[in-house]
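Me: Got a new model open here. Can you walk me through it?

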Amino acid sequence: MSLLPQLRYPTVTQLVASACALAAHRPGLCTLRQVGVSRAGRPLHLLSVGHARRAVLVVAGAHANEPTGGPTLLALAERVLSERQLRADTSWHFLLCADPDGASLHRTPAPRSLFDYHLGFFRPAAEEQPEWSPSVLPPHRLPPETRTLTRVIDELRPYLQATLHGTDLGGSWVQLTKDIPGLAEPFAKSAAELHIPVETGASDAAGWAASGPGVHVMPSPGAGAAYPSMPDDARHSTWYEPHRHGGLTAVVEVPMWASDLVDDPAPHPAPAAAMRRLARRLLRDALEVERVLAEALPRLEGLDGPLLRAAKWALELVPGLAADWMHTPPADNTMAYVGSVDAFGRRLPLRAAAMLLRVLQETDDRAAPGLERLVATWSDAFAERFRARWVPLEHQVEHQSRTVVAAALHARDRAA
């Protein structure tokens with residue numbers, strides 16, 4: 001299946017070069033500064049546009065495998081520079097890449113298919129993710145990227161933090177730490193104009209209130225989780241840091257490949273039975289990867305890189321998650337939700353297999369060819385099941401940009 005995009009995603013080096021050019025072109029309005037370093041010593045850069053005290057912070061690159069945020073960030077910076085009213089009483093600040101170490105390991109500048117995408121896949125374990133590490137680690141063990149992001153939030157005190165995320169295959173949705181009245185309408189209009197489905201039953205937002213189709217409001221701290229086994233919790237992430245200053249966070253998700261199966265609000269005829277079936281498949285697929293890992297581990301003795309750690313972490317999530325799906329009543333009974341869970345259940349073992357494959361290929365391990373065939377088979381099945389169609393990069397960027405601007409304008413009115 002060929003799903004060829006027309007544009008490429010920029011590297012962190014290219015993002016920094018573009019930000020440097022913007023700052024040099026408009027020195028009175030723009031500044032670019034280093035605000036921290038990664039665990040490996042890579043710089044973290046912040047581009048600022050405008051001088052008003054009221055601030056919006058835009059974060060890209062929190063997840064290495066979600067590359068749309070980089071070009072969206074640049075498009076937003078250019079838009080703020082060209083539209084005076086956006087910066088009339090608001091300064092805009094752009095963290096170019098929250099995880100440059102992770103970005104250096106995820107290598108899919110122009111994927112032609114889901115298989116190509118997974119051949120270069122990397123997504124670190126939760127404790128190594130800048131936004132998620134506070135949900136699984138004590139404060140004294142937080143990585144420097146997390147401490148940098150928290151420090152920037154405390155410095156800017158933004159009324160809105162917009163963090164740019166994405167999904168490989170599915171639809172678009174927004175996650176809010178507090179509701180932004182009025183956001184659902186422009187979000188839905190943008191998605192419709194650009195032929196991007198709205199993921200109305202996103203499994204990432206299972207059990208959350210919705211202020212409109214695809215616009216989900218996170219539950220308050222202390223509320224029960226839809227998936228009790230999951231070790232991380234959005235309510236303990238850096239998304240809640242702006243609350244200390246009266247602000248909120250909008251997480252804007254956009255797909256690389258779209259599926260119209262994730263925006264069907266019709267009731268599923270048997271959601272609980274479907275969830276149990278998906279749980280069994282999840283366990284079966286994970287077991288295939290675990291067998292390859294167990295057989296190869298003696299030959300990998302002494303290796304403990306981020307790819308291997310992340311593959312093991314993904315597999316460790318499976319038993320608890322499958323139990324949640326089997327024994328917890330479905331958080332939603334729609335076709336869209338069951339479809340989103342179906343995608344999640346395919347995604348987790350596929351990602352573990354893809355990262356383990358990279359480890360085996362780097363060591364020229366004999367198990368690599370067989371695992372590569374499995375990754376190819378699962379990738380193609382995923383695309384075929386969900387009728388995947390490529391979303392042009394310019395549409396991904398435009399929709400994400402529009403949603404952030406709409407969130408900023410409506411949140412500003414809310415805060416006024």
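Me: Start with overall size. What radius of gyration does the protein chain have, and what would a compact globule have?
Reply: This is a predicted model. With 416 residues, a compact globule would come out near 22 Å; the protein chain has 21 Å, so the two agree.

Me: And the spans along the principal axes?
Reply: The C-alpha trace covers about 60 × 50 × 45 Å.

Me: What secondary structure is in there?
Reply: The protein chain has 11 helices and 10 strands.

Me: How much of the chain is buried?
Reply: Buried residues are 59% of the 416.

Me: What share of the contacts links residues 24 or more positions apart?
Reply: 81%, counting contacts with a separation of 6 or more.

Me: Switching to α2. What span should it have, and what does it have?
Reply: Helix α2 takes in residues 69–82, which is 14 residues. At 1.5 Å a residue it should span 20 Å, and its end C-alpha atoms are 20 Å apart, so that agrees.

Me: Is α2 enclosed or open, and why?
Reply: Largely enclosed by the rest of the structure, because 10 of its 14 residues are buried.

Me: Which ones?
Reply: Gly69, Gly70, Pro71, Thr72, Leu73, Leu74, Leu76, Ala77, Val80 and Leu81.

Notes: Residues are numbered from 1 along each chain as its sequence is written. This is a predicted model: local features need pLDDT of at least 70, side-chain atom pairs count only at pLDDT 80 or more; totals for chains, interfaces and linings use all residues. Side-chain values use heavy atoms; hydrogens and water are left out. Helices (H or I, at least four residues) and strands (E, at least two) are DSSP runs, numbered from the N terminus. The radius of gyration is taken over C-alpha atoms; the globule rule is 2.2 Å times the number of residues to the power 0.38. Buried means under 20% relative accessible area, exposed over 50%, partly exposed in between (1.4 Å probe, protein chains only). Contact means heavy atoms within 4.5 Å. The expected span of a helix is 1.5 Å times one less than its number of residues.
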